[in-house]
Amino acid sequence: MGMLDIKSLSTSELKGWTESISHKPFRADQIQNWLFKGLVDSFDVMENVPVDLRDKLKYHFRIQSLEESNRLESTDGTIKFAFKTHDGHFIETVLIPARERFSVCVSTQIGCAMGCTFCRTATMGFIRNLETGEILEQIIRVKRLLAEQGADVTNIIFMGMGEPLQNLDNVHRACVTLHERKHLNMGAKRLTISTSGVVPKIFELIERETPCHLAVSLNGTNDEMRSKIMPVNRRWPMAELLGACDAYTQKTGNEVTFEYVMIQGITCTPQAAKELLKITQQRSCKVNAILINASENPAHLPPTQKEVDEFLDIVRAGEVKITMRTPRGRDILAACGQLAIKQKKVASC
Ligand code: SAH
Ligand code: SF4
């Protein structure tokens, strides 16, 4: 078996490869059709692909990169998968069913280097970027499960482990493949990349026209407070981040979604609400607020209902679109900011 995941190749790269071994480029479409529509896990079943080409595929590529090591189902229907990578690390993927929607929250890195104080993934540190094939495979695994019930993935959120924009090359490639009409056919509005605020990469995303919607984890309303909980803010302070958000809206015509974690006495105070209002009132955006899920930091507690209501009243008075998201899968540590697996290297002989 080859070492490169075949799903990491774009359609044109796969066409180039088939041509380089004297096969017609349309074979690439057939192969990708098996991968992304047939959801197959073996080259052997690609019956309209000539046997000698299948043999070459087997020699050069791997078709599966992840091994499912655990699956937990929450009382609310959320399912968390743990996958082992080919080099013995673990990542997590979450399926969030909601009425007609089936959203998949995918990981983009093993661990995360950004160090946000409220997030469990940060405690893992950074191990490595995921390959495009590894990102896509998380979605394929969930699609296989849903297909058994006659359902399909409707939305993908790049909000699992890791900072997607620190792995932009591979995330961009994954979005392009997901967007490809002939295969997975996911509209850009159904793909959401969430970033902690890696400003130059937001500009790169705009430049590359990555088919996706942009969400920014704001979580702080002034530089002093945001820098304390999100070290990324020391490198790219709020004025720069908001400038990048404006550029995104200008260029794409889409509004930005601001993610906002409510932490007692820090992000959920009347003062923060007033500052959030100032930031959001003058922009084309909406705010997704969420109560902090249990983290490993004892200094971060969820606010009381009264504190939340007071906060929301202030923001809503300014006619800003703000919704409180219901946390999903808390009982299985599948909710936002709860994905983390103690990585142990599996002994290899
Ligand atoms: N690294 C990217 C995407 C993954 S984090 C980012 O930061 O945007 C996904 C979301 O989970 C972010 O919006 C983040 O602010 C939120 N989050 C992290 N820890 C959380 C916690 N303990 N409770 C609730 N949300 C949390
Ligand atoms: Fe990384 Fe996002 Fe967690 Fe921050 S919130 S540590 S950027 S995964």
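D29 and K182 form a salt bridge in this predicted model. The closest N and O atoms of the pair are 3.3 Å apart, and a salt bridge is counted when such atoms lie within 4 Å.

The domain assignment divides the protein chain into domain 1, residues 4–62, and domain 2, residues 66–347. Between domain 1 and domain 2 the count is three salt bridges.

The contact between the domains can also be described by residues and by area. On one side 18 residues of domain 1 take part, and they are in contact with 16 residues of domain 2. About 1400 Å² is buried between domain 1 and domain 2, and carbon and sulfur atoms give 51% of this area. Within domain 1, the residues that lose the most area to domain 2 are K7, F36 and L39, which together make up 45% of what that side buries. The C-alpha centres of the two domains lie 32 Å apart.

The next stop is ligand 2. The space taken by ligand 2 is the largest cavity. Around ligand 2 are C112, M114, C116, C119, A122, G162, E163 and S196. By type, this shell consists of five nonpolar residues, two polar residues and one charged residue.

Note on methods:
Residues numbered from 1 in each chain as written. Chains lettered and ligands numbered in written order. Predicted model: local features only at pLDDT ≥ 70, side-chain atom pairs only at ≥ 80, totals over all residues. Heavy atoms only, no water. Near = heavy atom within 4 Å. 1 Å grid on protein atoms, 1.4 Å probe; cavity = no way out; pocket = protein on both sides within 12 Å on 5 of 7 lines; lining within 4 Å. Sits in = over half its atoms within 2 Å of the grid points. Nonpolar A, V, L, I, M, F, W, Y, C, P; charged D, E, K, R; others polar. Domains from an automatic or database assignment. Contact = heavy atoms within 4.5 Å. Buried area = accessible area lost by both parts, 1.4 Å probe. Salt bridge = Lys/Arg side-chain N within 4 Å of Asp/Glu carboxyl O.
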